[in-house]
Amino acid sequence: MKFLSKNKRIIDSIVSQIACRKRFLITIHIYPDGDAIGSQIALYILLKRMGKEVALINSFPLPARYKFLPNSELIKHNVTIPDSEAAFVLDVGSKGRLGNMRDHINNIKTVINIDHHLGNDRFGIINWVDPHMSSVGEQIFHLYKHMKLEIKKPEAICLYTAIVTDTGSFQYSNASAETHLVVSELLETGIDHTRICNQIYQNIPVSKLKLLQLALETLSFDAKGKIGYMFITSDMYTKACAAEEDSEEIVEYARNVAGVEVGILFKQHSKRNIKISFRSKSKIDVRKIASRFGGGGHHNASACTINGELSSVLKNVVRVTALELESS
Ligand code: 5GP
Ligand code: MN
C-alpha cells in the first residue's frame with residue numbers, strides 16, 4: 001500500500017520501542033469514542049501477542065455501547081497506575097484532552113503519540129500523526145501490517161468499530177479508497193459487521209431517545225437555514241435519566257436537515273461549562289470554527305468547551321459560525 005513508504009521510518013521507531021520495553025500503558029481521550037476505544041484494545045492485543053505487560057487506563061469510564069468489544073472489561077478508570085516504561089496515547093491531539101491521565105503521562109518518559117488530528121501538537125517523544133488517516137484504527141491496522149502480524153477476529157472487530165464510528169459509517173470525506181481497502185481486509189477475517197453495527201447503532205437505551213426528544217424540541221435555525229442548532233441543559237439530562245454519553249450523535253440531526261451546512265449542539269455540563277459539538281456536511285471546515293474557541297477536531301466534526309451562560313455562549317457561537325459561512 002502506498003501509505004507505508006511515507007510512514008515507514010516512524011513506524012520502525014515505534015516497533016523498536018515495542019521490542020526493547022516490557023511494561024506499557026495505553027490511554028485515550030476524555031469522552032472516549034469508538035475510534036479511541038477500538039484502537040486501544042487492538043493495540044493491547046498486538047502488545048500482548050509480543051509478550052508485553054499492558055495496562056489500559058482512561059480518565060473516563062467505558063460507554064455502555066462499547067462493552068461488546070472483546071477485552072473491553074480490561075479497560076479501567078480511577079485505578080492506581082502501574083509503573084510503565086512507555087505509554088501509548090491514542091486519538092489525542094493535545095494533553096489537555098487527557099483529563100486526569102495527564103499527570104500520569106507527564107511522569108512517563110517515553111510517550112508514543114498515535115493520532116490523526118490535523119492540529120496535533122506533537123507532545124510525544126514519538127509522534128505518528130497522520131491527518132490523512134480516517135481514524136487511529138486505520139493507523140493501528142497499518143502497524144499490524146508493518147509488523148507482519150496476522151489480523152484475527154478480535155482485533156478486526158475493534159478496528160472495524162474504530163473506522164465505522166470515526167467515518168460516520170463511511171459518510172465523511174475521511175473514508176478514503178484506502179480506508180475501504182483496509183475495511184475489506186477486516187471483513188475478510190470473517191467478522192460479522194452487521195452484528196457490530198447492531199451493537200453500536202441499534203441498541204439505543206430509552207434514556208438516549210428521551211434526551212434526543214428533548215433536544216429536538218430546541219432545534220432552531222440561523223443564517224437562512226444553513227445553521228441548525230440544538231441545546232441540552234443539565235435539567236434535560238436529569239429529566240431523561242441520561243448521561244453525557246447519551247448525547248453522542250444528537251448533533252447529526254441538526255446537520256442532516258435539508259439546506260443546513262453546519263449543525264451545532266450545545267451541552268451544558270455544569271451551570272457555566274458548555275461543550276459545543278460542530279458537524280458539517282463537508283463544504284465548511286468546522287475545525288476552524290472550534291479552533292476559534294480553543295477547541296479542534298476534524299473538517300467535518302469538531303468541538304470545544306466554553307465557560308459562560310448557555311444563552312450568551314449560544315448566541316456568540318452561532319454568530320461566529322454565521323460569519324464563517326458568509327466568508328466561505
Ligand atoms: P465530539 O463533538 O464528538 O465530542 O468531537 C468531535 C471531534 O472534535 C472529535 O474528533 C474530537 O477529537 C474533537 N474534539 C472534541 N472535543 C475537543 C476539545 O475540547 N478540544 C479539541 N481540540 N478537540 C476536541
Ligand atoms: Mn479518531
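Predicted model: local features only at pLDDT ≥ 70, side-chain atom pairs only at ≥ 80, totals over all residues.
1. **Shell of ligand 1.** The residues around ligand 1 are Arg97, His117, Lys275, Ser277, Arg279, Gly295, Gly296, Gly297, His298, Ala301, Ser302 and Ala303. By class, this shell divides into two nonpolar, seven polar and three charged residues.

2. **Polar contacts of ligand 1.** Arg97 places a polar side-chain atom 3.1 Å from a nitrogen atom of ligand 1. An N or O atom in the side chain of Arg279 is 2.8 Å from an oxygen atom of ligand 1. For His298, an N or O atom of the side chain is 3.3 Å from an oxygen atom of ligand 1.

3. **Cover and contributing elements.** On its own, ligand 1 has 490 Å² of accessible area, and the protein covers 78% of that area. Two or more residues of the shell come from each of β10 (273–280), β11 (296–297) and β12 (301–307).

4. **Length of helix α12.** Helix α12 comprises 17 residues, 310–326.

5. **Buried residues of α12.** The buried residues of this helix are Leu310, Val313, Leu314, Val317, Val318, Val320, Thr321, Ala322, Glu324 and Leu325. Their cover includes the strands β7 (220–222), β8 (227–232), β9 (262–270), β10 and β12, together with helix α11 (286–292). Of these elements, β10 and β12 also give two or more residues to the shell around ligand 1.

6. **Thr161 in helix α5.** Thr161 lies in α5, which runs over residues 153–166. The relative accessibility of Thr161 is 0%, and the residue therefore counts as buried. A polar atom of the Thr161 side chain lies 2.8 Å from the backbone oxygen of Ile157. Leaving aside residues up to four places away in sequence, Thr161 touches Gly34, Tyr66, Phe68, Leu69, Ile196 and Ile200.

7. **Ser184 in helix α6.** Is Ser184 buried or partly exposed? This residue, placed in helix α6 (residues 177–188), has a relative accessibility of 35% and so counts as partly exposed. Ser184 and Pro63 are 121 residues apart along the chain, and their C-alpha atoms are separated by 27 Å.

How values were computed
Residues numbered from 1 in each chain as written. Chains lettered and ligands numbered in written order. Heavy atoms only, no water. Near = heavy atom within 4 Å. Polar contact = N/O pair within 3.5 Å; in protein donor to acceptor, adjacent residues only side chain to side chain. Areas by Shrake-Rupley, 256 points an atom, 1.4 Å probe, with all protein chains shown as cover. Helix = DSSP H or I, 4+ residues; strand = E, 2+ residues; numbered from the N terminus. Nonpolar A, V, L, I, M, F, W, Y, C, P; charged D, E, K, R; others polar. Expected span 1.5 Å × (residues − 1). Buried < 20%, exposed > 50% of the residue type's maximum accessible area, 1.4 Å probe, protein only. Contact = heavy atoms within 4.5 Å.
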